[in-house]
Amino acid sequence: MSDGQFPIRDNCDPTDPEEAFLWMLVGLPGLKGAPLLLPVQHLRAVSRRLWDCGARPVEEPVIKYRPPRAGDAHWLLSPGTWSDADEPEPEEVFDVRKFVAELPLRQRQQLAAALGLTGTVPDQPVEPPPPMLPVTAPVSVEATATNDPAPQFDPTRRGVKAVLAYLRRADPAERERVLAIERHFGKARPAILSRYQDAQS
């Protein structure tokens, strides 16, 4: 097994005293918070001790180790699980919406910035714009054109009434986009989301 690798049966040499039992010491019963009780170097010493005491792997295992998966509850802190050797592997299902919804606000802000959605998760409540002042200069009547796309509606920068008014006029795809931002990057305001329960599932 090379340095930095996680010990599993496939990468541990059964003829090496420091690796023969190393993979068996992963996800020990009652372990919470991590897959390994001790650093790999310490577990190598435990494997060697078992070897020196006369233990040898002689039978095929009847259980197999399953590392924690991204879809598991608390997968970052999970020790993984052991299951019957013939049990089929579960399909890898990763619910992005659930994952994002469970992130703390600061991490959602970092994720939004990494995806180029800057400005969708404000640090502080957005102040309403100041009232418009009367125009005192002549107004140009010349038309201007641009190829830039119109800015998308951002519910995190609008009040509840403005968001509800916009959602009433929006097509289904746009409504889902705005509700997703409200749920995952905004404040998830019940006054908005409760009116669109079907769109949340």
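**View 1. Histidine 184 and its contacts in the predicted model.** Histidine 184 touches Arg97, Val100, Ala101 and Arg108, leaving aside residues up to four places away in sequence; a contact means heavy atoms within 4.5 Å. This is a predicted model, in which local features need pLDDT of at least 70 and side-chain atom pairs count only at pLDDT 80 or more, while totals for chains, interfaces and linings use all residues. Residues are numbered from 1 along each chain as its sequence is written, and side-chain values use heavy atoms, with hydrogens and water left out. Histidine 184 belongs to helix H5 (residues 172-184); helices (H or I, at least four residues) and strands (E, at least two) are DSSP runs, numbered from the N terminus. With 9% relative accessibility, histidine 184 counts as buried. Here, buried means under 20% relative accessible area, exposed over 50%, and partly exposed in between (1.4 Å probe, protein chains only).

View 2. Which residues does valine 100 touch, not counting residues up to four places away in sequence? They are Arg108, Leu111, His184 and Phe185. From C-alpha to C-alpha, valine 100 and leucine 111 are 8.7 Å apart in space and 11 residues apart in sequence.

**View 3. Helix H4 and what covers it.** Take a look at Val163, Leu164 and Leu167, which are buried in helix H4 (residues 160-169). They cover an arc of only 95° around the axis, so they sit on the same side of H4; the arc is that of the directions from the helix axis to the C-beta atoms. Lys161, Arg168 and Arg169, on the other side of H4, are exposed. The cover over the buried residues of H4 includes H5 and helix H6 (190-193).

**View 4. Helix H1, end to end and around its axis.** The end C-alpha atoms of helix H1 (residues 40-52) are 18 Å apart, which agrees with the 18 Å that its 13 residues should span at 1.5 Å a residue. That expected span is 1.5 Å times one less than the number of residues. Leu43, Arg44, Ser47 and Trp51 are the buried residues of H1. Down the axis of H1, these buried residues fall within an arc of 110°, so they line one face of the helix. Gln41, Arg49 and Asp52 are exposed on the other side of H1. After H1 comes glycine 54, with a positive phi near 105°.

**View 5. Proline 68 in the loop between two strands.** Proline 68 lies between strand E1 (63-66) and strand E2 (81-84), in the loop. With a relative accessible area of 24%, proline 68 is partly exposed. Proline 68 and glycine 80 are 4.4 Å apart in space, C-alpha to C-alpha, and 12 residues apart in sequence.

**View 6. The second largest pocket.** The volume of the second largest pocket is about 320 Å³. On a 1 Å grid over the protein atoms alone, a pocket is an open set of points where a 1.4 Å probe fits, with protein on both sides within 12 Å along at least five of seven lines; lining residues have an atom within 4 Å of a point. Grid points are joined across faces, edges and corners, and a volume is the space filled by probe spheres set on the points. The second largest pocket is lined by 17 residues, with Arg9, Trp23, Met24, Pro57 and Pro61 nearest its centre.
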